[in-house]
Amino acid sequence: MTHYLARRSPLLIALSLLAFCLFGIALGSASGSTGFESWFTAMSDDTAWQIVWNIRLPRSLGACAAGALLGLAGALAQGLFRNPLADPYLLGSASGASLGVAVALALFGGNPFATELLVRMGLTGAAFLGALLAVLLTLVLARGVHHTLHLLLAGVIVGVVLGAFVSLITLFRPDVLQGMQGFLLGSTSFIGWTSCALMLGVLLVCVVFAFVLSRVLDALSLGEATALSLGVPLVSVRVALICVLALATGTAVAQTGLVAFVGLAAPHLIRSLVKTKNNWIVLLSSLMGGVLMLVADLMARMLLSPQEMPVGVLTAVLGGGYLIWLMYRSQTTRSLQ
Amino acid sequence: MNLPKMALSVRDLHVSLTGQNVLHSIDVSFVAGRWTSIVGPNGAGKSTLLKALAGLIPVTGSIFLFDHELVSIDRKRRAQQLSWLGQNEPVSDDLRVWDVVMLGRMPYQDWLDAPSANDHSLVETALKATQAWYWRERSLSQLSGGERQRVLLARAMAVQAKVMLMDEPIANLDPPHQVDWLEQVRCLTSQNTTVISVLHEVSMALHADNMVVMRAGRVVHQGACTDEDTHRAVETVFDRRIAVHSLNGQWVAVPKL
């Protein structure tokens, strides 16, 4: 590997990713059955305004925010567990979040795509608790974070078992099933302004926390003993970071359902672009998550147009392919050494 | 008589890891401003003792850092006074050399502090001392094992602690850089820094001022490296398979065939 990786400017990458996001949101607000036309007539035509302002724009912005939350969660998980395969989806936290949503719906009724702020906040809170519970369960099952294989297996087991609970709930409560179905596939089509505001607010909080705590991730990259010797209050920082991780995952899942692999791929792509400190990695992964999700959302809308695919199906296929490629590449580089 | 000042002293220390007693009733002290090496066969508990001295593992018994009990010292103050260089810790490859060494200044920085001018100059000094300055812009993934070790050593030196604990610091280094390390340790002790190192290379360890000889979780001997008794103790713990001889004014351990 050459030197340029360490010399690329993180700021430049951040600005390009931000530009990509804005471009993606603009493109997203212009794509749909009525195409660019609604964009240009929006000022004069009330229906076109409705389509652009109340349907397409929040959807694209929301997709970007959800992706940013997942990218952030992935970067935090990978740094915290010092495990390159840690990801909100693989750690089981996404399944936990969806179980939280299912339980909330079964208990209080309602629709996972409701737009009232109170409902959204309730669902987000339930998803947060579910995500937190799932991460802790995974960590207990894996007996710590050091063994990659144990962690992955535990994450898969927790994901499957919690997924089974979701199925059980939907089996007994058919009214919940209908709403949950779109939700389990991962969907951006129902994001309204309330969800957008909620996600952006949580994103801001999470980014600030992650940015402040990122120095601990730097110290942790030299090993736990070294981090401790540098005076890091390891236990309390871990708890804080797991809470931020669960909050980011829960908030994204509560609005868009299960979207796989964005949290895994975003930090990986960033690390292959630039070698830098974790404060930048966290920030850039978040932006990259937003870009990935926007791309996936646009593709989901266009590939089968006028039909739409659930965005989660697309990220699962693309992300799964990426994961296989990563495994293949690490095997070949290992055999070369 | 003027008693030498002790940087670290340990009384009746017991450590058990995963239910097994690893260290039994250790009493040992380390003279301030001197270099003490810890030697012993594999599994003697050398690394465990070093971790206990750094306050990284739970222990029973008491450890004093200068005049204060280690557990009673505030986390940040302890990090400023004790610097730690571990052995074969899983280090992620993503950080740049400069950023790694700057982490050594972490005990002096608050959560949102940017590094001060002083931090910058100390990092530069440490990088130059271990001849790692040239790689400062590279990431760790671009360095060999020995080069990494020199960066990690610079990180430990950047803490500017009164006491430095190093576990196998020269295991990956080639002979010239092992000699460099010896000179750096001499330089540190001349500035009144206490150095405590676990070493497998007995001949290197004999260059220290004092030696702690361990076997099976106990300290069997501590004394000056020039002392006859110390040499005999080293030969004994290694089953008399090595012999300590004098060669051109240095003590060396050679295989006994």
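Val10(B) has Val28(B), in strand 2 of chain B, as its bridge partner. The model described here is predicted.

**Sheet in chain B.** Strand 1 of chain B, residues 6-17, is paired with strand 2 of chain B through 8 bridges in the antiparallel sense. Both belong to an open sheet of 4 strands in chain B, arranged in the order 2-1-4-5 with antiparallel pairing. Strand 2 (20-31) and strand 5 (68-69) of chain B each have a single partner strand and stand at the edges, so one side of each has no neighbour in the sheet.

**Contact between the chains.** On chain A, 23 residues are in contact with 29 residues of chain B. At least two residues of the side of chain A that touches chain B come from each of helix 1 (4-7), helix 9 (193-220) and helix 10 (224-229) of chain A. The residues on this side of chain A divide by class as follows.

| Class, side of chain A touching chain B | Residues |
|---|---|
| Nonpolar | 10 residues |
| Polar | 6 residues |

**Val244(B).** This residue is part of strand 11 of chain B, which spans residues 242-247. Val244(B) counts as partly exposed because it has 19 C-beta neighbours inside 10 Å, whereas a buried residue requires 20 or more. Leaving aside residues up to four places away in sequence, Val244(B) touches Leu206(B), His231(B), Val234(B), Glu235(B), Trp251(B) and Ala253(B). Lys51(B) lies 193 residues from Val244(B) along the chain, and the C-alpha atoms of the two are separated by 28 Å.

Conventions: Residues numbered from 1 in each chain as written. Chains lettered and ligands numbered in written order. Predicted model: local features only at pLDDT ≥ 70, side-chain atom pairs only at ≥ 80, totals over all residues. Buried ≥ 20, exposed ≤ 12 C-beta atoms within 10 Å, placed from the backbone. Contact = placed C-beta atoms within 7 Å. Pairing = 2+ DSSP bridges. Nonpolar A, V, L, I, M, F, W, Y, C, P; charged D, E, K, R; others polar.
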